[in-house]
Amino acid sequence: ICNSVIGSHCVVEQDSVIENSIMLTPYNPADFPVVGKNSQLKKVILDEGASIGNNVRLQNQRSHKHFDGEKILVRDGIIIVPKGSHIPHNFSF
């Protein structure tokens, strides 16, 4: 974890790398954000209740400035995983 803010009750599993990101603290402890094993997040805001599967790469590889996807958004080059979204295993963006 480098240059990031990780809220309380957030879970980061083994061998995951988080850079320049924010994981928001949930109001409800049942909605804590989870980052699965061996995942890499760079410039990501992970909202409460969002979860990231294993082996996920969220790094804005195409340098989007603005993007509206089903489970992720990009604003000013920053990836946003909205509240309650689940990113499946082996996903890459």
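Me: In β12, which residue is the bridge partner of Val74?
Reply: In this predicted model, strand β11 covers residues 73–75 and runs antiparallel to β12, to which 3 bridges join it. Val74 belongs to this pairing, and its bridge partner in β12 is Ile79.

Me: Which residue in the turn of the hairpin formed by β11 and β12 has a positive phi?
Reply: Strands β11 and β12 form a hairpin, with 2 residues between them. In the turn, a positive phi of about 50° is found at Asp76.

Me: Which residues of strand β12 lie on its covered face?
Reply: In a regular strand, the side chains alternate between the two faces of the sheet. Strand β12 spans residues 78–81, and its uncovered face carries Ile78 and Ile80. The covered face carries Ile79 and Val81.

Me: Which strands are the edge strands of the open sheet of 6 strands?
Reply: This open sheet has mixed pairing and the order β1-β4-β7-β12-β11-β10. An edge strand here pairs on one side only. The edge strands are therefore β1 (5–6) and β10 (66–68).

Me: Why is one side of β3 and of β9 left without a neighbour in the sheet?
Reply: The open sheet of 3 strands has parallel pairing and the order β3-β6-β9. β3 (17–19) and β9 (57–58) stand at its edges, so one side of each has no neighbour in the sheet. The reason is that each has a single partner strand.

Me: In β6, which residue is the bridge partner of Val17?
Reply: Strand β6 covers residues 40–42 and pairs with β3 in the parallel sense over 3 bridges. Val17 has as its bridge partner in β6 the residue Gln40.

Me: Is Ile52 buried or exposed?
Reply: Ile52 is found in strand β8, residues 51–52. Residues that Ile52 touches include Val34, Leu41, Leu46, Leu58, Val81 and Ile87. A residue counts as buried under 20% relative accessible area. Because the value for Ile52 is 3%, this residue is buried.

Me: What distance separates the C-alpha atoms of Ile52 and Ala30?
Reply: Ile52 and Ala30 are 22 residues apart along the chain. The separation of their C-alpha atoms is 16 Å.

Me: What is the relative accessible area of Leu24?
Reply: Leu24 has its place in the loop between β4 (22–23) and β5 (34–35). Together with Val5 and Ile22, Leu24 forms a nonpolar patch on the surface, and the three have about 220 Å² of accessible area together. Leu24 is partly exposed because its relative accessible area is 34%.

Me: How many helices and strands are there in the protein?
Reply: Read along the sequence, the pattern is β-β-β-β-β-β-β-β-β-β-β-β-β. The protein accordingly has 0 helices, and its number of strands is 13.

Me: What radius of gyration does the protein have?
Reply: The C-alpha trace spans about 35 × 25 × 25 Å along its principal axes. With 93 residues, a compact globule would have a radius of gyration near 12 Å. The protein agrees with this, because its own radius of gyration is 12 Å.

Definitions and conventions: Residues are numbered from 1 along each chain as its sequence is written. This is a predicted model: local features need pLDDT of at least 70, side-chain atom pairs count only at pLDDT 80 or more; totals for chains, interfaces and linings use all residues. Side-chain values use heavy atoms; hydrogens and water are left out. Patches are made of residues with over 30% relative accessible area and no salt bridge: like charges are joined within 9 Å, nonpolar side chains (Val, Leu, Ile, Met, Phe, Trp, Tyr) within 5 Å. Accessible areas come from the Shrake-Rupley method with a 1.4 Å probe; for residues, only the protein chains shown count as cover. A salt bridge is a side-chain nitrogen of Lys or Arg within 4 Å of a carboxyl oxygen of Asp or Glu. Helices (H or I, at least four residues) and strands (E, at least two) are DSSP runs, numbered from the N terminus. Buried means under 20% relative accessible area, exposed over 50%, partly exposed in between (1.4 Å probe, protein chains only). Contact means heavy atoms within 4.5 Å. The radius of gyration is taken over C-alpha atoms; the globule rule is 2.2 Å times the number of residues to the power 0.38. Lists of a residue's contacts leave out its neighbours within four places in sequence.
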